[in-house]
Structures are given as structure tokens and as C-alpha cells.
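Let's take a walk through this protein model and see what holds its parts together. Keep the 3D view open as you read.

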Number of protein chains: 2
Amino acid sequence: MANEMRMSELSAQSGVPVASIKLYLREGILQPGERTSPNQARYGQEHVRRLRLIRALREVGDIPLASIKQIVTALDTQSASIHKTLGMAQAAITPIAEDDNPDAAAVVDEIIAEQGWEAPQNPGRALVVAALSRAINLSGDVEVYQALLRAYAEAAEIAARSDIDAIEERLESDSIVEQAVTWTVLGDIVLSGFRRIAQESASARRFGTPH
Amino acid sequence: MANEMRMSELSAQSGVPVASIKLYLREGILQPGERTSPNQARYGQEHVRRLRLIRALREVGDIPLASIKQIVTALDTQSASIHKTLGMAQAAITPIAEDDNPDAAAVVDEIIAEQGWEAPQNPGRALVVAALSRAINLSGDVEVYQALLRAYAEAAEIAARSDIDAIEERLESDSIVEQAVTWTVLGDIVLSGFRRIAQESASARRFGTPH
């Protein structure tokens with residue numbers, strides 16, 4: 001049961017081309033199969049699952065191979081708690097930004113404190129500060145962004161709470177950590193897509209011209 | 001007053017290197033200055049503003065020049081309503097995804113209908129469907145994502161409503177459309193950053209090991 005497939009079947013089941021599978025094996029992103037002869041190995045369902053994870057991160061999240069390597073290393077660290085594993089995966093997929101504007105940083109820290117969030121090393125903070133710095137740079141106005149940021153923090157809390165609820169409900173699933181990591185990436189895209197739809201809908205109501 | 005700067009001063013005021021300014025002029029992304037001699041032109045505050053917009057989209061949003069060209073073309077279409085301009089800008093900065101999974105599409109459309117959103121052509125829908133398809137592909141479970149998507153739609157509605165509120169409050173500002181377009185990009189990043197922080201904070205409370 002464990003390792004029943006050749007590479008061609010693994011490719012068919014996962015939807016990943018053989019050339020990519022070979023690349024992932026070389027890069028250490030896909031765990032090696034069980035060698036049956038000098039030129040052949042057999043693969044199991046854990047390989048299919050890993051390939052689906054890689055494919056989701058590559059195709060929709062556009063995550064580079066180096067970051068995926070960090071993620072699978074975190075996943076393979078058996079002794080780590082789910083909290084630690086999620087933290088390692090988050091660090092791997094979050095771009096590093098420079099937080100260079102003290103006014104923006106002060107506003108962001110105020111809102112983090114209001115929400116009662118405790119995550120002082122989180123890379124998300126620098127991302128938010130960098131984005132806010134650019135926005136202030138363009139309009140020179142901190143106040144309008146304060147109200148926006150407060151609403152965004154509330155929105156992020158709703159999304160994150162549902163993320164953690166979903167993990168908690170399914171802790172018994174043997175792929176829960178893979179699912180959670182993929183969802184960290186996919187969830188950003190879902191929020192972005194829904195936000196576009198909600199913006200258009202609200203903009204049509206308020207600024208659209210009647211037919 | 002109108003066109004008081006040479007290119008070197010424009011570079012200093014906007015923080016954009018002269019070589020990049022020349023590129024943007026060549027590509028038609030930056031409007032030309034007022035020619036004062038065959039080799040010299042003068043630039044004004046509208047050029048500074050445009051360069052800050054380009055810089056924000058490039059540096060934080062990682063938006064390609066071709067998309068920025070579409071955005072400034074939309075901004076320069078004087079006759080369009082703010083609703084139309086926002087729509088054109090949104091289309092330029094939203095990646096095109098293939099919505100290939102009918103199960104995922106059905107779930108997404110149900111949630112769009114629940115929210116009462118009316119934006120049938122919006123490119124955000126295909127983004128959400130593509131992300132959900134990948135997630136389902138990995139776990140085989142539609143139900144868990146239904147609850148997540150519902151929370152994400154609620155979060156997106158809060159963010160989008162505050163976006164439109166901010167625009168409505170500042171319609172008299174002469175750079176409101178630039179600000180709104182930049183914020184469409186920057187807001188995604190803010191949501192993503194805050195969501196990371198909120199996730200870590202909630203994960204620590206529920207799954208973290210005590211010290």
C-alpha cells in the first residue's frame with residue numbers, strides 16, 4: 001500500500017509533469033521514493049499530497065521554490081507544535097519589507113494594540129508599515145488611513161479567527177498543516193478577489209450613473 | 001507656478017532616479033513636460049504626483065509597467081465617472097485567473113449572492129474560484145471552505161465599505177482617484193499583513209505551548 005506507484009503514475013495522479021517531479025526531487029522539496037532498482041523508485045500517497053501542495057503554492061500563490069523548500073522543511077520537522085510550524089511557514093511566504101516611516105509605524109502599532117494582537121516578531125507588521133508609508137507619501141494625510149486601517153484590522157481579525165477555527169475543527173486530519181499553509185497563501189487571494197467584487201458593487205451604488 | 005522644475009529637481013522631489021523618469025516618459029506612463037528648448041523641458045507638481053503613484057505601485061505592489069500604463073490611461077480619461085475609472089484601474093491590477101472548477105464556482109457564486117454583491121464581470125470572481133479550486137484539490141473537502149469563504153466575504157465587505165467611505169469623504173481632493181487606485185493595491189498588502197499578525201496571535205492562544 002505505502003509505495004505503490006512509479007513516477008509516471010505519480011505524475012498522472014498529481015497532475016505534475018515528470019520533469020517538474022525530477023526537479024523537486026533534486027531540490028529536496030519532494031521526499032525521495034523507495035528505491036527498487038538503481039534506476040527506479042516507488043512513490044505513495046504522501047508524494048501525491050506533497051506535489052499537490054507544491055502545485056497550489058506555485059500556480060496560484062506564485063511562491064518561489066526557495067520559499068517552498070523552507071515550508072516543506074517546516075512541515076517535516078516532526079517535533080514542532082502546530083503553532084511553531086505555522087509560524088515557520090508564515091515566515092517563508094511573507095515578503096520582507098522595510099519599515100522605514102516612523103509615523104506609519106506608530107499608527108500601525110496603535111491599531112495592533114487596539115486589537116490586542118500579540119505577535120511582536122511577525123513579518124506582517126513591516127508589510128503593513130511599508131504599504132501605509134507609500135499611501136501617506138502619496139496623499140500626505142495620515143488621518144484618512146487611520147480609519148481605513150482600523151476597518152482592515154477588523155476584517156483581518158474575522159478572517160484569521162475563521163482560519164484558526166477551521167484548523168481547530170480538523171486537527172485530526174493528517175494533512176491539516178499542509179492545508180493550513182496552503183490556505184495562508186490562498187486566503188490572501190480570496191480576500192483580494194472578494195474585496196474587488198465588494199468594491200465594484202459598493203462603487204456602483206454610490207458613484208455609478210443611472211442607466 | 002505650473003511647470004517650474006527641471007528633470008533633476010523632479011527626480012529629487014519625487015525620489016525617482018532620472019533614468020527611470022526618462023523610461024517612464026518614453027513609455028508614455030509619465031506625461032511630457034513643457035518644452036523650453038530642444039533639449040530641455042520643465043515639470044510641475046502633477047509630474048511629482050504621477051511619479052509618486054508609479055513608485056508606490058512599482059515598489060510595494062510590484063505592478064508591471066504595462067499594467068501601470070493601463071492605469072494612467074484610465075486616470076487620464078477625463079470624461080469617465082469615478083466608478084468607471086476605478087473599474088478600469090481594478091481590471092489593470094487584477095491578475096487574470098482561469099475558473100475551471102464548477103464545484104468551486106458554485107460555492108463562490110452562492111456566497112456572492114448572499115452578500116448581495118452585483119459585479120458579474122469582476123475579475124475578482126475568477127481569482128477566488130481558482131484559489132478555492134486549489135484548496136479543494138488538496139483536501140477534497142468543500143464544506144470546511146464554505147465556512148471560511150463566508151467569513152472572508154464578510155471581511156472583504158468591511159474593507160471595501162471603508163474604501164468607498166474614504167473615497168466619498170474626500171471626493172473634493174484633486175488626487176482622490178490616484179489615492180483610490182494605489183489603495184486598491186496597498187490595501188491587499190495591509191489585509192495580508194494584518195491577517196498574518198492576527199493568525200499568529202490566535203494560534204498562540206489556542207495551540208501555543210505554555211512557557
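## Salt bridges inside chain B

Start with Arg50(B) and Asp76(B), whose side chains meet in a salt bridge, 2.9 Å from N to O. Arg50(B) sits in helix α3 of chain B and Asp76(B) in helix α4 (residues 65–76), so the pair links distant parts of the chain, 26 residues apart. Keep in mind that this is a predicted model. Which of the two partners is buried, and which is partly exposed? Arg50(B) counts as buried because its relative accessibility is 5%, under the 20% cut-off. Asp76(B), with a relative accessible area of 41%, is partly exposed.

Now find Arg125(B) and Asp109(B), another salt-bridged pair, at 2.7 Å from N to O. Asp109(B) is partly exposed, with a relative accessible area of 34%.

## Over in chain A

A search of the whole structure turns up 22 salt bridges over all chains. One example is Glu114(A) with Arg150(A), 2.7 Å from N to O. Glu114(A) lies in helix α6 of chain A and Arg150(A) in helix α8 of chain A, so this bridge ties together parts that are 36 residues apart in sequence. Glu114(A) counts as partly exposed at 46% relative accessibility, and Arg150(A) is partly exposed too, at 34%.

Next, look at Ile167(A), found in helix α8 of chain A. In sequence Ile167(A) and Ile82(A) are 85 residues apart, but in space they are 9.6 Å apart, C-alpha to C-alpha. Setting aside neighbours within four places in sequence, Ile167(A) is in contact with residues including Ile82(A), Leu86(A) and, from the other chain, Phe207(B).

## Where the two chains meet

How many residues does each chain bring to the contact? Chain B gives 85 residues and chain A gives 85 residues. The area buried between them is about 8,200 Å², and carbon and sulfur atoms give 68% of that. Leu138(B), Phe194(B) and Phe207(B) supply 10% of the area chain B buries against chain A, more than any other three residues.

Charged and polar partners join in as well. There are ten salt bridges between chain B and chain A, one of them between Arg206(B) and Glu168(A), 2.7 Å from N to O. The count of residue pairs in polar contact across the two chains is 38. On the side of chain B that touches chain A, helix α9(B) gives the most, with 27 residues. Sorted by class, that side has 44 nonpolar, 19 polar and 22 charged residues.

Leaving out neighbours within four places in sequence, Leu149(B) is in contact with Trp183(A), Val190(A) and Phe194(A) from chain A, and with chain B residues including Val107(B) and Leu132(B).

Technical notes
Residues are numbered from 1 along each chain as its sequence is written. Chains are lettered from A and ligands numbered from 1 in the order in which they are written. This is a predicted model: local features need pLDDT of at least 70, side-chain atom pairs count only at pLDDT 80 or more; totals for chains, interfaces and linings use all residues. Side-chain values use heavy atoms; hydrogens and water are left out. Contact means heavy atoms within 4.5 Å. Buried area is the accessible area (1.4 Å probe) that two parts lose on being put together, summed over both. A salt bridge is a side-chain nitrogen of Lys or Arg within 4 Å of a carboxyl oxygen of Asp or Glu. A polar contact is a pair of N or O atoms within 3.5 Å; within protein, one must be able to donate a hydrogen and the other to accept it, and residues adjacent in sequence count only if both atoms are side-chain atoms. Helices (H or I, at least four residues) and strands (E, at least two) are DSSP runs, numbered from the N terminus. Ala, Val, Leu, Ile, Met, Phe, Trp, Tyr, Cys and Pro count as nonpolar, Asp, Glu, Lys and Arg as charged, and the others, Gly among them, as polar. Buried means under 20% relative accessible area, exposed over 50%, partly exposed in between (1.4 Å probe, protein chains only).
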